[in-house]
Amino acid sequence: MKRLSTICIFLATLLLPLQVSLAQPRRLSADFPKWAGVADTPQMGWSSWNCFMTDINEDLIKATADAMVQLGLVDAGYVYLNLDDGWHGERDENGFVHEDPVKFPSGMKALADYLHARGLKLGIYSDAGNFTCACYTGSLGHEYQDAIAYAHWGVDYLKYDWCFTNNVNPKGAYTLMRNALGRAGRPILFSICEWGISKPWEWAADIGHSWRTTGDIGPAFLPVETSYDENGRRRWKPQSVLEIIDKNEPLRQYAGPGHWNDPDMLEVGNSITVDGVYYEMTDSEDRAHFTIWCMMAAPLILGNDLTKITDETLAIIKNKEMIAVDQDPLGVQGLRTINKDGLQYWFKPLVDGDWAFCIMNTSEEDVTLTVDWSALEVNDPVSKRRTSFGSVNYSVKDLWNPEAPVFPTLVKGKGILREQFVINAFDVTVKSHDVVAYRLTPVK
Ligand code: GLA
């Protein structure tokens, strides 16, 4: 009897917390995890902003979609077609947002259907404040409604900007929209765009799939000097490719599958005039820009007019080998190992022991130099990978010269591979504002 009562007391003690918790009202969690699997590698696509700003409409977007298919860009991986600022119309009496009926007379759902039928995905743009940067309606106070509208239309991507957000807490605002997108039920890639102001790399890995790390890019390779118009007003100036690289490179530890540093969209093949100033890059500058974006595992979002693309631009953005460097499943952002006398040396660890390696020449002169692997050993603290040039043999493929022969390199320690081809150093000329890039593959 005594034994039985001891067991009863014991069981009651065990069940007590259960009874208490059953008596409590169930806690409803408002948190929805960000969508998984939509950005295991950096997103690729096209956006209307860099070239067209708010001057967008249904015909342009459909023509761009057709061009993306015909030029082989969809097959190359550029699947998102993103409307940036300027698509919004008015909110209705219930607060739901609508597209501009003049610019998009068939409606967003029809546009999404058009894109989906061609293997593309629709991206859209909004802002965490009262207005977007171009003063269209923002999502503040309408987050869940907007997410529902996007999901209903068939949107696949949301870029969420940061203008007119006085007193809004960035982590809170982006978490709120993440939850709204989760609640709306359609997988949507969430691209955070607050220009790196509140260091989103420190708090946004569970919130967005990428975060902008800088202000707005323009088609300028070198930093742009501050200038003033005839009324003494300071002109807008873009962030140049080189400035952006300097800001984005030190953040490499924060990037990885599903959460990428975003150094802004590509300017390859684009030119603009803003505040009376014309900006354009040369093909070699475009090639360097594209290469370093691939080395940095950056989202590859084209920003040029695809209906007027040149062969040179197409060859750059369709370079399969470079795209594979960007899209490498290991998802490690590359590192700059040397930055001296106008030369930048970059390495990026890739799957199966491979490495991408490039040299960018930012100086005004062509430079001929010797690549001596024994002086370039990399021990990467982020990926914990090392090149081990002293003991691993690599074959080397020139990524911008597919016709160039693949050559084995550096054989030390492990003996001779094929004597006549084995080299541990070679000379190369890197043209001014241009790049050379290679893929190193261990020879088994
Ligand atoms: C901000 C963003 C840009 C673009 C514009 C649109 O400046 O950083 O990328 O989206 O707004 O107004």
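# Ligand site, pockets and cavity: exercises

The largest pocket is the space taken by the ligand. The model used here is predicted.

**Exercise 1.** Find which residues lie closest to the ligand, and how many surround it.

*Solution.* Start with the count: 13 residues surround the ligand. Then pick out the closest. These are Asp-84, Asp-85, Lys-159, Asp-161 and Asp-216. Next, sort the shell by class. Seven of its residues are nonpolar and six are charged.

**Exercise 2.** Find how far polar side-chain atoms of Trp-195, Arg-212 and Asp-216 lie from an oxygen atom of the ligand.

*Solution.* Take the residues one at a time. The cut-off for a polar contact is 3.5 Å between N or O atoms. For Trp-195, the distance to a ligand oxygen is 2.9 Å. For Arg-212, the distance is 3.2 Å. For Asp-216, the distance is 2.5 Å. On its own, the ligand has 310 Å² of accessible area, and the protein covers 94% of it.

**Exercise 3.** Describe the largest pocket by its volume, its lining and the elements that contribute to that lining.

*Solution.* First, the volume: the largest pocket holds about 350 Å³ of space. Second, the lining: 22 residues form it, and those closest to the pocket centre are Trp-49, Met-53, Asp-216, Ile-217 and Trp-236. Third, the elements: helix H2 (49-52), strand E6 (157-161) and strand E10 (271-274) each give two or more residues to the lining. Last, the classes: 12 lining residues are nonpolar, eight are charged and two are polar.

**Exercise 4.** Give the volume of the second largest pocket and the class make-up of its lining.

*Solution.* The volume is about 270 Å³. Of the 16 lining residues, Gly-269, Asn-270, Glu-280, Thr-310 and Thr-313 are closest to the centre. By class, the lining has seven polar, six charged and three nonpolar residues.

**Exercise 5.** How many cavities of 30 Å³ or more are there, and which residues lie closest to the centre of the largest cavity?

*Solution.* Count first: there is one cavity of 30 Å³ or more. The largest cavity holds about 100 Å³ of space. Its lining has 15 residues, and Tyr-157, Lys-159, Ser-191, Met-265 and Ile-301 are closest to the centre. Six lining residues are nonpolar, five charged and four polar. Finally, look at Lys-159.

Methods
Residues numbered from 1 in each chain as written. Predicted model: local features only at pLDDT ≥ 70, side-chain atom pairs only at ≥ 80, totals over all residues. Heavy atoms only, no water. Near = heavy atom within 4 Å. Polar contact = N/O pair within 3.5 Å; in protein donor to acceptor, adjacent residues only side chain to side chain. Areas by Shrake-Rupley, 256 points an atom, 1.4 Å probe, with all protein chains shown as cover. 1 Å grid on protein atoms, 1.4 Å probe; cavity = no way out; pocket = protein on both sides within 12 Å on 5 of 7 lines; lining within 4 Å. Sits in = over half its atoms within 2 Å of the grid points. Nonpolar A, V, L, I, M, F, W, Y, C, P; charged D, E, K, R; others polar. Points joined across faces, edges and corners; volume = space filled by probe spheres on them. Helix = DSSP H or I, 4+ residues; strand = E, 2+ residues; numbered from the N terminus.
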